[in-house]
Amino acid sequence: MAIDFVAGTSIGAVMGGYVSFDLPAQTLIDRARRAFARSPTGDLNALHIVSLVRGKRLQATIDRAVVDAVGSAADVADSWRTFRCVVTDFSRAKEHVLARGPAARCIRASVWMSVALPPAPWQGDLLMDGGVFNNFPTTQ
């Protein structure tokens, strides 16, 4: 059965990104393992203020993973399969679905863990982990 549409939130957005760029299953698994072999959240700290100004390791991990998957920076709209990242719009206190924009930036916004990392700025709003409002995105 072919996959036509992929949506994900948090780590599901990472894996959905891999799937949307039409990587074979074993390649997807190998690249995900390689990208996340070293703890991407290693700069988190018990003092939240330190974590809020960091988060650079996770950002770099996701940026590299997208480039590794497609060979260069890519837009969500450029994926082979329709791809959406579900995020929490902290500014408006609601779920938001990203359908356009740099893939790494959209994925990062969906993964950004509330309290541990600063919200990701996006077109005047602040975005964070999509699981806050919808941890299992589906469509009807």
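Reader: What covers the buried residues of α4?
Author: The cover includes α1 (11-20), α2 and α5 (103-111). Keep in mind that this is a predicted model.

Reader: Which residues of α4 are the buried ones?
Author: They are Leu58, Thr61, Ile62, Ala65, Val66 and Ala69. These residues span an arc of only 130 degrees around the axis, so they sit on the same side of α4.

Reader: And what does the face turned away from the buried side carry?
Author: That face of α4 has the exposed residues Lys56 and Arg64.

Reader: How many residues does α4 have, and how far does it reach?
Author: α4 has 15 residues, and from its first C-alpha to its last it reaches 22 Å. That is close to the 21 Å expected at 1.5 Å a residue.

Reader: What comes just after α4?
Author: Gly71 is there, with a positive phi of about 95 degrees.

Reader: Changing topic. How many salt bridges are there?
Author: The structure holds 6 salt bridges. One of them joins Asp68 to Arg31, with 3.9 Å between the closest N and O atoms. Asp68 belongs to helix α4 (residues 56-70) and Arg31 to helix α2 (residues 25-35), so this pair ties together parts 37 residues apart in sequence.

Reader: What else does Asp68 meet in a salt bridge?
Author: The side chain of Arg34 also forms a salt bridge with Asp68, at 2.8 Å from N to O. Arg34 is in helix α2 and Asp68 in helix α4, so here the parts tied together are 34 residues apart in sequence.

Reader: Is Asp68 buried, partly exposed or exposed?
Author: Asp68 is partly exposed, and its relative accessible area is 32%.

Reader: OK, now the inside. Which residues touch the most other members of the largest nonpolar core?
Author: Tyr18, Cys85, Leu98 and Ile107 do, in a core of 30 residues. At least two residues of this core come from each of α1, α2, α4, β2 (82-89), α5 and β4 (120-122).

Reader: Which element gives the most to this core?
Author: α5 does, with 6 residues.

Reader: What does Leu98 touch?
Author: Leaving out residues up to four places away in sequence, Leu98 touches Val76, Phe83, Arg84, Cys85, Val87, Cys106, Ala109, Trp122 and Leu127.

Reader: Are Cys85 and Cys106 buried or exposed?
Author: Cys85 is buried, with a relative accessible area of 0%. Cys106 is buried too, also with a value of 0%.

Technical notes: Residues are numbered from 1 along each chain as its sequence is written. This is a predicted model: local features need pLDDT of at least 70, side-chain atom pairs count only at pLDDT 80 or more; totals for chains, interfaces and linings use all residues. Side-chain values use heavy atoms; hydrogens and water are left out. A salt bridge is a side-chain nitrogen of Lys or Arg within 4 Å of a carboxyl oxygen of Asp or Glu. Helices (H or I, at least four residues) and strands (E, at least two) are DSSP runs, numbered from the N terminus. Buried means under 20% relative accessible area, exposed over 50%, partly exposed in between (1.4 Å probe, protein chains only). The expected span of a helix is 1.5 Å times one less than its number of residues. The arc is that of the directions from the helix axis to the C-beta atoms. Contact means heavy atoms within 4.5 Å. A nonpolar core is a set of buried Ala, Val, Leu, Ile, Met, Phe, Trp, Tyr and Cys residues joined through side-chain atoms within 4.5 Å.
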